[in-house]
Amino acid sequence: MLKENLVLIGNGMAGVRTLEELLKLAPDQYNITVFGEEPYGNYNRIMLSPVLASEKTIEQIMLNDESWYTDNGITLHKGKKVEEINRARREVIASDGTVAHYDRLIIATGSVPFMLPIPGVDKAGVIGFRDIKDVDTMLEASSKYKHAVVIGGGLLGLEAANGLMKQGMQVSVVHLLDTLMERQLDKPAAQMLQKSLEARGMKFLMQASTAELLGDGRVTGVRFKDGSVVEADLVVMAVGIKPNIALGKAAGLYCERGIVVNDTMQTITDPKIYAIGECVQHRGTAYGLVAPLFEQAKVAANHLAKYGIARYQGTVTSTKLKVTGIELFSAGDFIGNDKTEDIVFKDAASGTYKKIVLEGNQIKGAVLYGDTVDGSWYFQMMKDGTDVSAFRDSLLFGQHHLGDSGHNPETRVASLPDSAEICGCNGVCKGDIVKAITEKKLFTLDEVRAHTKASASCGSCTGLVESLLAHTVGGDYSATPKTKPLCKCTEHTHDDIRAGILQHSLKTMPAVREFFDWKTPDGCPACRNALNYYLLCAYPTEYQDDPQSRYINERAHGNIQKDGTYSVVPRMFGGMCTSDQLRAIADVADKYQVPTMKVTGGQRIDMFGIQKEQLPAMWKDLSTAGFVSGHAYGKAMRTVKTCVGSEWCRFGTQDSTGLGVKLEELTWGSWMPHKFKLAVSGCPRNCAEATIKDIGVVCVDSGYELHIGGNGGIKVRVTDLLCKVATEAEVLEYTGAFCQFYREDAHYLERTAPWVERVGLAKIKAAVVDDAAQRQALHARFLISQQPAQIDPWKARANGAEALEFTPITLAQ
Amino acid sequence: MSQWIEVVELDKIPVLGSRLVKTREQNIAVFRGSDDQVYAIRDACPHKGGPLSQGIMHGTTVTCPLHNWKIDLTSGHALAPDEGCSNVFAVKVEGGKVYLQL
């Protein structure tokens with residue numbers, strides 16, 4: 001088939017990002033031609049401020065040099081301005097007469113600085129702040145002249161003013177209103193910002209309306225409406241940007257403020273033409289930050305690759321000011337209205353201000369000044385609509401204070417030394433990550449993972465790595481999108497897919513992949529295992545489990561060790577045992593010459609160093625002695641740990657061991673989204689450490705406290721109290737219901753601790769505690785799922801099931 | 001001298017799964033794709049020697065069970081950005097039987 005021609009007008013971040021996304025999806029689909037007005041490759045425009053401040057060089061902010069275009073077979077016409085789009089002939093015509101035919105066209109012409117329509121605006125030394133040329137002009141002026149005036153006290157204006165000051169100029173910022181950055185900051189934060197900039201030597205002329213720029217040829221001064229005049233050898237206009245729609249408009253595309261596009265980033269006038277980036281108006285909004293552009297790029301690329309399943313639904317944006325030494329973050333509606341409530345912390349002496357706007361216990365906006373490390377945490381909760389009522393009283397102290405559970409941790413990454421280890425699993429230090437981000441020009445978490453392995457294993461440092469990424473490339477890094485696809489094989493989220501499985505009665509993996517239009521025929525290890533679990537959870541009695549869609553530990557029913565041998569952990573219900581049982585385990589250990597034995601943290605006995613082909617025989621002997629699998633290898637219910645309780649303990653209030661055995665008899669064998677542990681303590685001294693378990697029962701004199709969502713692993717998280725009940729029967733019912741709710745609601749590989757934090761304790765209480773009918777229904781569904789799950793997999797394999805898995809082929813050669 | 005050796009019947013290898021073949025010299029993992037294409041690779045990941053036969057196969061790639069390196073079964077090369085290579089062996093299916101060239 002003949003390749004179609006794709007033409008991109010605008011060699012900026014949005015356009016080139018679209019091409020990168022497209023090349024990932026469909027590298028050979030188009031002949032690609034790019035027109036760029038500037039005589040460079042593609043560079044990171046948001047980093048121009050650090051260049052102006054001499055903190056970075058132009059080379060450091062180049063994203064794609066010319067070899068990238070050559071390597072990908074892209075024709076680059078740099079320094080050529082497109083003058084006309086002829087839609088009838090499907091051609092674009094550049095200023096030098098170059099003509100390119102297109103089958104599909106992307107307009108990514110960006111924006112232009114808005115220049116005030118006042119006398120003198122055309123004088124030399126009056127510029128906007130938009131591209132490398134403007135930076136060069138400013139740097140040149142700073143070496144010859146002294147006085148700079150920046151008109152506009154917004155984000156861009158302050159960054160320009162800061163840079164010019166760094167270059168040794170005396171800078172005055174002129175602002176029409178009485179507070180700086182009014183689109184991002186409330187009054188107290190703006191005042192603190194102004195004070196700290198004034199302390200650095202920046203001058204401010206507030207509520208000043210510019211009337212005229214003075215001078216012959218080159219600008220010499222600025223005159224205001226009140227008649228006052230300030231000296232100026234350089235005037236930078238940073239009063240705003242306007243979408244650059246001239247070309248689109250001339251081509252007859254419908255424009256309002258920007259070129260109007262639909263949810264697949266096609267112009268509403270001509271579906272062959274896409275528009276993307278700052279020149280675009282989508283659902284009434286024109287964006288001027290980079291995160292939305294990247295989201296748009298993904299959607300456009302998806303459509304160009306003819307997948308057509310991505311939709312752009314707008315972006316909630318956040319802002320950080322790139323002025324070294326000033327920490328500032330804002331997002332959402334930070335002013336509030338009569339339906340909202342504010343939580344405010346202000347310490348003028350230490351230069352810290354935090355304000356969070358809440359509506360119905362959900363974050364609607366935030367302004368942080370001085371201490372912004374929790375910005376991305378608040379922002380994530382704002383996008384997720386997280387119910388914060390459970391920790392509202394400590395919200396302002398940040399996630400660190402809350403005792404996070406390993407996902408989205410937030411730490412003071414900026415102040416860490418380069419030698420600080422970020423990823424403990426793979427031994428990756430901060431310096432390695434920062435170096436990879438800057439040298440390889442990484443923008444996303446996935447890229448950093450692929451190149452450095454940081455956060456690629458247990459994932460507990462994901463938040464740190466994201467913070468580093470944000471800190472290194474600026475606040476506008478390509479943040480993890482608010483809706484995370486299940487894996488790279490699909491655009492759909494865990495929740496979408498789980499809902500679809502039920503709603504459309506999808507009962508096999510191929511059916512799910514077909515319905516959701518998977519990009520890969522067999523899926524990948526991530527989605528195969530997740531789908532296998534989701535289907536098993538949805539159709540426990542019907543679904544045929546797929547061993548090839550399970551990790552080796554679950555396929556072999558043992559834990560693989562570094563030398564390829566396995567470990568065997570027989571189940572000991574509630575951690576209880578008899579001398580006969582211990583003897584039986586000892587006999588098995590002798591017979592199979594087990595090199596290492598150990599007591600586990602979950603009160604079981606672990607035998608190491610077993611060859612895979614020996615497993616079924618060993619299981620047969622254990623099974624004969626009455627043992628079943630301990631599931632120490634599975635994303636499954638693992639153990640119920642107990643302390644000795646009222647039978648012996650002089651402090652014990654209830655029979656904790658007896659209850660532990662009952663709980664384990666109820667729950668053993670259950671496949672879960674992740675590993676799942678229980679404990680029962682006989683009194684509040686809590687010797688079984690129940691308050692760091694997925695479910696912890698703490699016995700008290702009057703009954704049983706049920707605690708959930710604890711974690712003793714990567715990040716310790718103490719449980720939340722779910723409720724208190726009076727009888728053992730209730731403990732069992734609530735446990736079954738909670739297990740089932742977690743099984744049906746959590747994402748695969750999400751432990752209860754991050755799940756509780758994501759969905760909120762209130763939702764879990766509503767389902768399991770407040771609504772008796774729902775609790776009973778959940779419990780009943782759990783019992784149904786347990787019928788097939790409690791067929792001991794060891795016994796089945798000892799009797800010949802899955803024999804091929806355990807039988808190597810031996811050749812004489 | 002290398003020669004073709006009959007190893008196993010094709011349907012004794014699970015689809016998107018593998019069998020471990022032990023020879024005197026080494027262990028070899030033989031995989032079967034969803035299209036019944038068969039691949040053979042030394043049963044040792046170039047990273048830390050993990051048994052690739054125990055990994056999850058997807059497309060023409062296997063993910064090592066120890067540290068999730070992805071190895072291309074056609075070439076034996078680790079997928080970028082990891083670097084390394086494991087031996088692959090010629091393999092064919094005739095009359096429902098899998099033959100390995102050793």
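Strand E36 (residues 695–700) of chain A is largely enclosed by the rest of the structure, because five of its six residues are buried. The model described here is predicted.

E36(A) pairs with two strands of chain A. With strand E35 (residues 676–681), the pairing is parallel and runs over four bridges; here Ser681(A) lies opposite Val698(A) of E36(A). With strand E37 (residues 703–708), the pairing is antiparallel and extends over six bridges. E36(A) and E37(A) together form a hairpin, with two residues between the strands.

## Helix H5: length and faces

Helix H5 (residues 132–144) of chain A has 13 residues, which at 1.5 Å a residue should span 18 Å; the C-alpha atoms at its ends are 19 Å apart, in agreement with that expectation.

The buried residues of H5(A) are Met138(A), Ala141(A) and Ser142(A). Viewed down the helix axis, the buried residues fall within an arc of 100°, and therefore line one face of H5(A). An α-helix has 3.6 residues a turn, so residues three or four places apart point the same way. On the face turned away from the buried side, H5(A) carries the exposed residues Glu140(A), Ser143(A) and Lys144(A).

Definitions and conventions: Residues are numbered from 1 along each chain as its sequence is written. Chains are lettered from A and ligands numbered from 1 in the order in which they are written. This is a predicted model: local features need pLDDT of at least 70, side-chain atom pairs count only at pLDDT 80 or more; totals for chains, interfaces and linings use all residues. A residue is buried if 20 or more other C-beta atoms lie within 10 Å of its own, exposed if 12 or fewer, and partly exposed in between; C-beta atoms are placed from the backbone. Two strands pair if DSSP finds at least two bridges between them. The expected span of a helix is 1.5 Å times one less than its number of residues. The arc is that of the directions from the helix axis to the C-beta atoms.
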